[in-house]
Amino acid sequence: LLFVSGAMLCAQSSMSELYTRWMIEDINQGKFKSAIENIKKTDLEYSDYYTIVDTLKMEEFIDFSINNKCLPNNAINRIQSHYISSLVALGDYYMNNQNFYLARIYLYLAQKICNKYNNRGESYLTTIHLLGRWHRIAYMYTEAESYYLQHLECTKKLYGNKSIPYAYALDNLSLLYNEMCMFDKAENYALKALNLEKKLQGEISSDIAITLTNLGEVYKFLEQYDKSITYLQQSLNMTIEIFGEYSQRTAIAYDNLAIAHQNMRNYTQARICLERSVDIQKKIKLTNSKDYAITLQNLSYQYLMEQDTISAVRIYRESIETSKNVLGTTHPLYVSQLLDLASLEVHYGRYDKADVLLAEAQYIERDTHSDSTELYIDILIKRGTLHKEAEDHKNAISYFQKSLDILQNTKSYNYCEVSALLGSCYYAIGRQKEARKSYLESISTLETYRSTL
């Protein structure tokens, strides 16, 4: 009998899923009456299918159902909720995959639907939280603050101001204000979150460990390094107690503590923490991840501070290779690492290797964005400077001239500096007339620039 009941349950579940799929197809084709008949045969639990619905048709369908009273309110509310959740999920997915354009479209659409139907439930809460995060990543801090404050207020209405979601909202504001360099506010919100979490969860929890990390970051930027290390050490100890020594969170906690020790110039302690983080990530097979690439990058900097430049370059190359494999060559982290490694190679006098790295960064920036971005111009100037230091003045002149052609309309301080560099290259090869012209252009641009200040 149990076997038969189980089989019947599976059959009902399969049919409900099938009706959900038919419902979505009907909505996409504008067959709203047929969609309603299919809704009556489903339990509305298969929310994954809502990600393939036509957004305009779904909105029309919800309006049709409300205006014609074809469905009970609870069914309409569930459809709305599933639809908004699918938009939010898509926005979150694209944001995590660095496609911020599509992320914004889906999150704004979710917000629009929430506002239209006065939805102020969990879906709305998640929507405004992710919109706050999107604007924070885009450095649009005023807008991010507005969304995070809305998120705090809505969380208070939905869960109360003595709940873990409310503490989470306080933590988000602390992170934002830390990035905005409003450290008093950042500290205030983090301490409120910490006190609330301790009241609700006791002395040990993963939420408390995160808030301790946030406080450590606040005090790091306030240059109160003793306090920073104290909080980050507490966070590390708590993370180990909760998740064990060999976990991704523990590795990240070691990283955070290492950077605080670097600020205090406790280089031995910093290196011990970073090497421990590397060991943990190797042990739990996380060497093919962005976190591992960043840990290696931090360890490379550490060896550089200790004057072990050979180890620094070797480890930095491993970090770049990891970033390339995990994130791809178009990711901003990979490009910035190419530029950093090029600087290290210049430090060693290995100009050929440095130029190869800069050339790769230049082509990536051109193909990914354009040949007129600030980063592209900066790379051209770096290549010109590199060839100038290598006394390859002909190629140096070529790169400086290309950057000036792009900067021609700006007449910025950057233009002034590059003109002077170009003049010095002409002078070095005995082309006095061109050198004088470049120097005069530099002086003229500098005077114009100063007059605008």
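Asparagine 118 lies in the loop between helix 5 (100–116) and helix 6 (122–137); helices are DSSP runs of H or I with at least four residues, numbered from the N terminus. The phi of asparagine 118 is near 55°, a positive value in a residue other than glycine. Asparagine 118 counts as exposed, at 59% relative accessibility (buried is under 20% relative accessible area, exposed over 50%, partly exposed in between; 1.4 Å probe, protein chains only).

The model is predicted: local features need pLDDT of at least 70, side-chain atom pairs count only at pLDDT 80 or more, and totals for chains, interfaces and linings use all residues. Residues are numbered from 1 along each chain as its sequence is written, and side-chain values use heavy atoms, with hydrogens and water left out.

Tyrosine 139 sits in the loop between helix 6 and helix 7 (141–159). Its phi is near 60°, a positive value in a residue other than glycine. Tyrosine 139 is exposed, with 63% relative accessibility.

Phenylalanine 243 belongs to helix 11 (residues 225–243). This residue is partly exposed, at a relative accessible area of 35%.

The protein averages a pLDDT of 86, and 89% of the residues score at least 70. Over residues 1–13 the pLDDT is below 50. Beyond near neighbours in sequence, that stretch has 1 contact in the model (heavy atoms within 4.5 Å).

Notes. Helix = DSSP H or I, 4+ residues; strand = E, 2+ residues; numbered from the N terminus. pLDDT = per-residue confidence, 0-100.
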